[in-house]
Amino acid sequence: MKGSLLQIPIPNSIQDDSLIGSLFTLAKDSFVYLIGTVVVGLGNFILVPLYTRYLPPAEFGVYSLLDVTILVVVTITQLGLGVSYLKWYAEIGESKRADLLGSVLLVGTTSAIVGGSLVTIVMVSPLGGQWLQTEERSFAWIMAPIVMLENVQGLLLADLRARRKSVAFSLGGITRLLAIVGASLWFIVIQKEGVNGVFLGRLVGDGIGVLVLLFLCFHSAVPGFARSIIAPMIRYGLPLVWSAFMGMMLDASGRYFLGHYSTMEQVGFYGAAIKIGNIFQMLVYQPFGVAWGGLMFQIAKWPNARVIYSKILVYVFVISLSAAFILALFTSTLFAVFATETYAPAMAVFPLILLVRAINIMEYPAAIGIYLGGHTKYFGLIYSIGLAVNVAGNYVLTPAYGMFGAAWAWLVAWMTITLLMAWIGQRYYPLHYDWKLFAFPIILWGLFLMDNGKVLLGFREPIQFLLALIVVLGVGVFLARDVRNAYKYVIRERPGCEDSSGRSI
């Protein structure tokens with residue numbers, strides 16, 4: 001984190017070892033990102049009880065559909081430049097990095113203006129009324145500027161990630177969320193604007209957030225367009241656009257199917273479960289994801305890189321599924337804090353949503369072989385298969401089982417995607433795993449799902465805290481022992497002399 005406002009020194013004994021040093025660096029960056037995402041997440045969760053108290057489930061359903069639609073359109077209009085930027089920044093000469101950022105911002109902004117305008121046009125048309133099941137669509141005009149601002153915001157955050165400016169990254173996000181919270185309180189509580197107020201608050205927050213990010217990043221950008229840089233970036237990133245679109249549709253399809261086969265009230269319950277489930281995103285997914293994006297290509301240049309990638313995948317699997325399990329234990333507590341009794345039906349599907357999120361995070365380490373091999377074309381195929389599984393599952397399950405059908409279809413789709421990524425990645429960058437290490441979280445969730453969580457969710461809070469403590473201690477012992485054994489293994493090997501298979505212990 002050179003140049004960061006917050007410096008966490010790495011002990012010399014750790015710096016001397018590539019495996020332990022890399023794990024420490026990833027953990028250190030994740031911790032700093034965690035500070036920012038926790039504050040950002042707190043802002044998000046201040047908004048959840050605000051929405052659930054001032055929006056009935058049907059209006060929350062409208063908000064939920066539009067929220068995920070914005071994510072889909074922003075993802076498409078970024079043209080895969082966010083990931084491409086991380087790769088090019090790591091490989092391009094320092095003298096060309098200013099041209100890199102300037103070109104990316106110009107192309108991304110142009111694309112976002114087109115995409116956002118199309119969303120607004122669709123929403124004001126009769127098709128928009130049928131889709132949202134409402135005649136009141138005064139918020140349609142807000143969609144275009146939101147898409148544009150959030151597109152630019154994502155590209156500026158990619159620059160901060162590439163430069164590993166974790167504190168600046170967090171500062172930008174915190175500023176945006178504080179502005180959204182303040183504006184939302186004004187428009188929703190005081191002005192009684194309803195769904196329109198939700199998006200007005202988001203627009204104000206996006207505008208202020210982008211201004212802060214421009215201040216943090218603009219000194220490293222040169223206005224202009226460098227075709228020699230941007231053309232290969234788009235070729236690299238275009239397959240990622242399709243795969244990212246597929247990923248967003250995986251998130252959105254359950255809500256779309258519920259809206260078609262059921263009511264906006266059911267969409268509201270399902271959307272509330274997803275929104276509260278974002279506590280996992282705040283605590284685990286986002287801190288690791290942003291830290292991983294800045295390091296995943298750099299690790300390949302380090303000694304014992306294969307061992308490092310193998311260990312990271314196993315550790316992420318154990319920590320993410322265990323964290324989701326702990327959060328699932330406190331379902332009733334979370335809903336008591338962030339929702340009203342009106343949204344109680346959403347509690348039944350909440351543990352499944354958390355499990356989906358835990359599996360979702362595995363795409364990061366599982367796909368490393370595809371990224372390093374430069375075979376991003378596979379992402380489109382993999383996500384297409386995953387979306388096909390999801391759509392088929394929703395078609396079969398959602399009409400009969402409602403929210404549960406949508407959640408199970410989502411879970412099976414993400415499991416399919418993760419397994420395909422790992423399998424294809426092994427062809428280009430083979431890694432070795434000790435499969436016994438995957439057993440602990442699998443057993444935990446197996447016990448949980450055998451009775452749909454009825455026994456574990458029925459415990460009172462003291463028992464829930466005790467079970468959570470047992471899980472935390474178990475994971476801590478597991479990680480401590482495995483890191484110690486890995487350290488002994490690497491010490492026996494001279495740096496850069498791992499075997500051809502990249503075997504870990």
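A search of the whole structure finds 5 salt bridges. The model is a predicted one. Asp67, Glu150, Arg176, Arg202, Asp206 and Lys275 are joined in a network of salt bridges.

**Salt bridges and the network**

- Asp67 and Arg202 meet through their side chains in a salt bridge, with an N to O distance of 2.6 Å. Asp67 belongs to helix H3 (residues 57-77) and Arg202 to helix H9, so this pair ties together parts that are 135 residues apart in sequence.
- Asp67 counts as buried because its relative accessibility is 11%, which falls under the 20% limit.
- A salt bridge also joins the side chains of Arg176 and Glu150, at 3.3 Å from N to O. Arg176 sits in helix H8 (residues 166-190) and Glu150 in helix H7 (residues 140-162), so the pair ties together parts that are 26 residues apart in sequence.
- Arg176 and Glu150 are buried.
- Glu150 forms a salt bridge with Arg202 as well, the side chains meeting at 2.8 Å, N to O. This pair links distant parts of the chain, with Arg202 in helix H9 and Glu150 in helix H7, 52 residues apart.

- Helix H9, which contains Arg202, covers residues 195-217.
- With a relative accessibility of 9%, Arg202 counts as buried, because the limit is 20%.
- When neighbours within four places in sequence are left aside, Arg202 is in contact with Asp67, Ile70, Ile146, Glu150, Arg176 and Ile180. Among these contacts, Asp67 is a salt-bridge partner of Arg202, and so is Glu150.

**Nonpolar core and surface**

- The largest nonpolar core comprises 156 residues. The residues with the most contacts inside this core are Tyr85, Leu100, Phe139, Phe199, Met233, Tyr270 and Phe280.
- Tyr270, one of these core residues, touches Gly254, Arg255, Leu258, Ile353, Met403, Ala406, Ala407 and Trp410, not counting residues up to four places away in sequence.
- At the surface, a nonpolar patch is formed by Tyr401, Phe404, Trp408 and Val412, which together have about 400 Å² of accessible area.
- Helix H18 (residues 403-428) provides the largest share of the patch, 3 residues.
- Trp408 is located in helix H18. Its relative accessible area is 34%, so Trp408 is partly exposed: the value lies between the 20% limit for buried and the 50% limit for exposed.
- The chain as a whole exposes about 21000 Å², of which carbon and sulfur atoms supply 68%.

- Of the 25 residues of H12, 23 are buried, so the helix is largely enclosed by the rest of the structure.
- Among contacts in the chain with a separation of 6 or more, 84% are between residues 24 or more positions apart.
- Gly247 is placed in helix H10 (residues 227-261). Gly247 counts as buried because its relative accessibility is 10%, under the 20% limit.
- The C-alpha atoms of Gly247 and Tyr383 are 6.5 Å apart in space, while the two residues are 136 residues apart in sequence.
- Apart from neighbours within four places in sequence, Gly247 is in contact with Tyr383 and Trp414.

**Backbone angles in loops**

- Leu79 has a phi near 60°, a positive value in a residue other than glycine. This residue, Leu79, lies in the loop between H3 and helix H4 (81-91).
- Lys192 likewise has a positive phi, near 55°, and is a residue other than glycine. Lys192 is found in the loop between H8 and H9.
- Lys192 is exposed, because its relative accessible area of 58% is over the 50% limit.

How values were computed:
Residues are numbered from 1 along each chain as its sequence is written. This is a predicted model: local features need pLDDT of at least 70, side-chain atom pairs count only at pLDDT 80 or more; totals for chains, interfaces and linings use all residues. Side-chain values use heavy atoms; hydrogens and water are left out. Patches are made of residues with over 30% relative accessible area and no salt bridge: like charges are joined within 9 Å, nonpolar side chains (Val, Leu, Ile, Met, Phe, Trp, Tyr) within 5 Å. Accessible areas come from the Shrake-Rupley method with a 1.4 Å probe; for residues, only the protein chains shown count as cover. A salt bridge is a side-chain nitrogen of Lys or Arg within 4 Å of a carboxyl oxygen of Asp or Glu. Helices (H or I, at least four residues) and strands (E, at least two) are DSSP runs, numbered from the N terminus. Buried means under 20% relative accessible area, exposed over 50%, partly exposed in between (1.4 Å probe, protein chains only). A nonpolar core is a set of buried Ala, Val, Leu, Ile, Met, Phe, Trp, Tyr and Cys residues joined through side-chain atoms within 4.5 Å. Contact means heavy atoms within 4.5 Å.
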